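Here's a quick briefing to read alongside the model. Keep the 3D view open and click along as you go.

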Amino acid sequence: MRIAVVGAGGVGGYFGARLAAGGHEVTFVARGAHLRAVREHGLLVRSPLGDLRVPAASVVPAIAELPPVDVVIVAVKLWDTEDVAAQLRDVVGAGTRVVSLQNGVRKDDVLRRHLPAEAVWGGVCYISAVIEEPGVVVHRGELQKLVFGPYGEDSHLTAEFLDACRSCGIEADLSPDIERVVWEKFVFLVGLSATTSAVRQPIGVIRADSRSRELLHDVMAEALEVGRAAGVKLDPGFADERLAFCDTVPAGMSSSMHHDLTQGNRPELPWLSGSVVDLGRELGIPTPRNRTIADILAPYELGRPEAGS
Ligand SMILES: NC(=O)C1=CN([C@@H]2O[C@H](COP(=O)(O)OP(=O)(O)OC[C@H]3O[C@@H](n4cnc5c(N)ncnc54)[C@H](OP(=O)(O)O)[C@@H]3O)[C@@H](O)[C@H]2O)C=CC1
Ligand SMILES: CC(C)(CO)C(=O)C(=O)O
């Protein structure tokens, strides 16, 4: 298949490199120091499932320079989505499909503001991967799964993309109810990211303490109620189920938002607990736990704050 990856970071770099290693024509869009390093040495992905190398020629500096493709994977941080969506308008042809593997529940609304609704598939991914240095992505652990699906009518491309992913060793699923899948990930991620970021500890510490454990549950329960109020068919017991799931994951598991905070990077807070608060306000659902998390972390919203500024 012909695939474009916009954002060659942890997520885009990993999944794109795996698809390229499987023989697909993958073109990455990158920028800044990462672009310069990839143009010089190619992209290196270090993974416990086998390292991957992408040739320098596979990267372009702008969306406008992409060749015609079947599928575009959007893997930039959430604050860049609007800009990327607007630029994609000239690149997305009649048959092209766009799938965002970003976190959050409002990303596809942003894409649909600029692109035809039928061009946008829903998607989520489960992985821990970061840019370790320009030109180098590190995949931590062996988890590397993606789930995607059309919001409306299906096309032959969904089966082709599923097959492309699976044949490259990516654990992939095609969902007939992608909105629910996106929300289910959101409920879990909001709990994981809010608590690991506020406590600055991985899940093992959070779940072992009765009060931070209750916080984890309540943060997820608020996100769940907001989703249900928005009309998503989420199981009423889903927060309890996810809390039980949290007991089964490795104690050292954390979130990309916790990682970003500890690195002094900008976190996706406004699109995680922040979105729960905003949507809760719109839908009349109280979200005090998420509001407190969003307020506590507010000084970090643009990255590590300067002391005394
Ligand atoms: N990392 C992870 O383990 C996981 C992340 N996610 C989600 O995936 C999404 C992507 O996260 P992640 O991979 O960590 O992000 P990264 O910051 O690692 O990668 C994003 C890359 O995209 C680049 N970029 C942004 N805008 C453009 C543009 N217009 N043109 C070219 N390049 C661009 C960024 O450059 P610059 O640095 O200059 O901004 C950066 O190199 C997020 O929504 C995140 O929540 C989901 C699951 C796990
Ligand atoms: C759920 C998890 C940890 C893994 O994909 C994630 O999406 C994130 O940290 O952003």
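Which helices do the buried residues of α11 pack against? They pack against α6, α8 (210-229) and α12 (288-297), where packing goes by contact, meaning heavy atoms within 4.5 Å.

Before the tour, some ground rules. This is a predicted model, in which local features need pLDDT of at least 70, side-chain atom pairs count only at pLDDT 80 or more, and totals for chains, interfaces and linings use all residues. Residues are numbered from 1 along each chain as its sequence is written, chains are lettered from A and ligands numbered from 1 in the order in which they are written, and side-chain values use heavy atoms, with hydrogens and water left out.

**Helix α11 and what follows**

- Helix α11 covers residues 273-283; helices (H or I, at least four residues) and strands (E, at least two) are DSSP runs, numbered from the N terminus.
- Its buried residues are S273, G274, S275, V276, V277, L279 and G280. Buried means under 20% relative accessible area, exposed means over 50%, and partly exposed is in between (1.4 Å probe, protein chains only).
- Just after α11 comes G284, with a positive phi of about 75°.

**Around ligand 1**

- There are 23 residues around ligand 1, and V11, R31, N103, A129 and E268 come nearest. To count as near, a residue needs one of its heavy atoms within 4 Å of the molecule or strand.
- By class, that shell splits into twelve nonpolar, six polar and five charged residues. Here Ala, Val, Leu, Ile, Met, Phe, Trp, Tyr, Cys and Pro count as nonpolar, Asp, Glu, Lys and Arg as charged, and the others, Gly among them, as polar.
- Both α1 (10-21) and β8 (120-133) give at least two residues to the shell, and β8 makes the largest share with five.
- Now for polar contacts, which are pairs of N or O atoms within 3.5 Å (within protein, one must be able to donate a hydrogen and the other to accept it, and residues adjacent in sequence count only if both atoms are side-chain atoms). A polar side-chain atom of E268 sits 2.4 Å from an oxygen atom of ligand 1.
- The side chain of N103 has an N or O atom 2.7 Å from an oxygen atom of ligand 1, while a polar backbone atom of I127 is 3.1 Å from a ligand 1 oxygen.
- On its own, ligand 1 exposes 890 Å², and the protein buries 84% of that. Accessible areas come from the Shrake-Rupley method with a 1.4 Å probe, and for residues only the protein chains shown count as cover.

**Around ligand 2**

- N103 and I127 turn up again here: the residues around ligand 2 include N103, C125, I127 and K185.
- A polar side-chain atom of K185 lies 2.6 Å from an oxygen atom of ligand 2.
- An N or O atom in the side chain of N103 is 2.9 Å from an oxygen atom of this ligand, and a backbone N or O atom of I127 is also 2.9 Å from one.
- The shell holds seven nonpolar, four polar and one charged residues.

- C168 is in no disulfide either, and its nearest cysteine sulfur, in C165, is 6.9 Å away.
- Both are buried: C125 has a relative accessible area of 3%, and C168 has 10%.

- D260 lies in helix α10 (residues 256-262) and is buried at 6% relative accessible area. Leaving aside neighbours within four places in sequence, D260 is in contact with K77, N265, R266 and P267.
- Is G152 buried or exposed? It is exposed, at 55% relative accessible area, and lies in the loop between β9 (136-150) and α5 (156-167).
- R200 lies in the loop between α6 and α7 (203-208). Its phi is near 60°, a positive value in a residue other than glycine, and at 29% relative accessibility R200 counts as partly exposed.

Note on methods. A disulfide is a pair of cysteine sulfur atoms within 2.5 Å.
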